[in-house]
Amino acid sequence: MSGIDDLPPLRDVIATHELAAKKSLGQNFLLDLNLTAKIARLAGDLSGADVLEIGPGPGGLTRGLLAEGARRVLAIEKDPRCMPVLAEISAAYPDRLIAINGDALTVNPLTHLTPPIKIAANLPYNVGTELLVRWLTPPDWPPFWDSLTLMFQREVAQRIVATPGTKAYGRLALLSQWRTDPKIVMELPPEAFSPPPKVNSAVVHLTALPAPRFAANPGTLNMVVAAAFNQRRKMLRSALKSVSPDIEDHLRSAGIKPTERAEQVELEAFCALARSLDQS
Ligand code: SAM
C-alpha cells in the first residue's frame with residue numbers, strides 16, 4: 001500500500017515490471033506519490049473533468065489524478081512495457097482509466113474524452129514543446145481543453161512565462177501568452193526523479209482564455225514569430241526578409257520599427273504584423 005491508494009509503492013512497481021528507464025523515451029520517473037498527488041491538485045478540481053495524460057510511465061501521476069477524483073483519465077504511453085502496470089491501475093479504479101499504447105503525436109484523444117477536459121503530464125522532453133505548440137495553435141479557439149498542467153525542464157518553463165526584453169522571451173512565450181494565462185506553479189530538483197535529470201524541472205499551469213488576447217491567424221502568427229526569433233539578434237527587416245518582399249511596410253503598419261529586434265516586440269504588435277501579412 002502506498003498512502004494514496006491500495007496499489008504498491010512505485011519503486012516496487014518498477015522493480016516487479018523491470019521498468020529500467022530508457023533515455024531515448026525521455027524517461028525520468030516521479031516516485032513520490034505525495035508529490036504526484038500534489039501535481040494533480042495543481043490541475044484544479046478534477047471531480048467533474050476528464051483528464052488527458054501523456055506519458056504515464058509507471059503511473060505515479062496517473063494514480064495522483066485518479067486519487068484526486070478525475071472522472072476519467074486517458075493515458076497515452078509509447079513504451080509497451082508500461083501497459084501491464086497501467087492495466088493494474090485500471091483494475092483498481094474501474095471504468096476510470098483508459099490506457100493506450102501509442103505515440104501522443106499521432107493518437108487523437110478526442111474519441112475517448114468528454115468536456116470539460118484538462119491535460120496533465122510530466123512530458124517526455126523530446127516531444128514536450130511540440131505537443132505544447134500543437135495545443136496552443138488549433139485553428140479555432142477555445143480549444144478542446146480548459147487547462148494544461150505540464151512538467152518541463154525549468155528552462156523551458158521560464159521561456160513560457162518570459163516577458164519582452166529578456167533572453168527567454170520568444171515563440172513559446174508569445175504563443176502561450178496569446179491564448180492562455182501561464183504560471184509556474186512548482187519547481188522540482190533533479191532528486192525528485194529517477195533517474196535524476198541533469199537540470200531542474202518546473203510545473204507550468206496554463207489556463208485557456210475564452211478568446212485570444214488579440215486577433216491573429218494562428219498559422220501566420222506561429223510562422224512569423226518562429227522566423228523572427230530564429231535570427232533573434234538581427235533587425236526584424238532582415239530576420240523577416242523571406243516572409244514578405246514588403247516586410248518593412250508590414251512592420252510599420254503594425255507599429256514596429258523595421259530596425260527593432262524580435263526580443264523588444266510585444267505580443268500585440270506581433271499579432272498586428274500577422275494580420276497585416278494576412279491582408280496582403
Ligand atoms: N508520468 C511518468 C512520471 O511522472 O513518472 C513518466 C514521465 S517520463 C518524463 C515521460 C514518459 O513519456 C515516459 O513514460 C515515456 O515512455 C513516455 N513517452 C515518450 N515519448 C512519448 C510519446 N511520443 N508519446 C507518448 N508517450 C511518450
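What distance separates the centres of domain 1 and domain 2, taken over C-alpha atoms? Colleagues, the value is 32 Å, for domain 1 spanning 10–208 and domain 2 spanning 218–279, with bounds from an automatic or database domain assignment.

This is a predicted model, in which local features need pLDDT of at least 70, side-chain atom pairs count only at pLDDT 80 or more, and totals for chains, interfaces and linings use all residues. Residues are numbered from 1 along each chain as its sequence is written, and side-chain values use heavy atoms, with hydrogens and water left out.

I turn to the interface. Contact, meaning heavy atoms within 4.5 Å, joins 16 residues of domain 1 to 14 residues of domain 2. The buried area, which is the accessible area (1.4 Å probe) lost by the two parts on being put together and summed over both, is about 1200 Å². Carbon and sulfur atoms give 69% of that area. On the domain 1 side, Tyr169, Leu174 and Trp178 lose the most area to domain 2, together 44% of what that side buries.

Next, the lining of the largest cavity. By class, this lining has 5 nonpolar, no polar and 2 charged residues, where Ala, Val, Leu, Ile, Met, Phe, Trp, Tyr, Cys and Pro count as nonpolar, Asp, Glu, Lys and Arg as charged, and the others, Gly among them, as polar.
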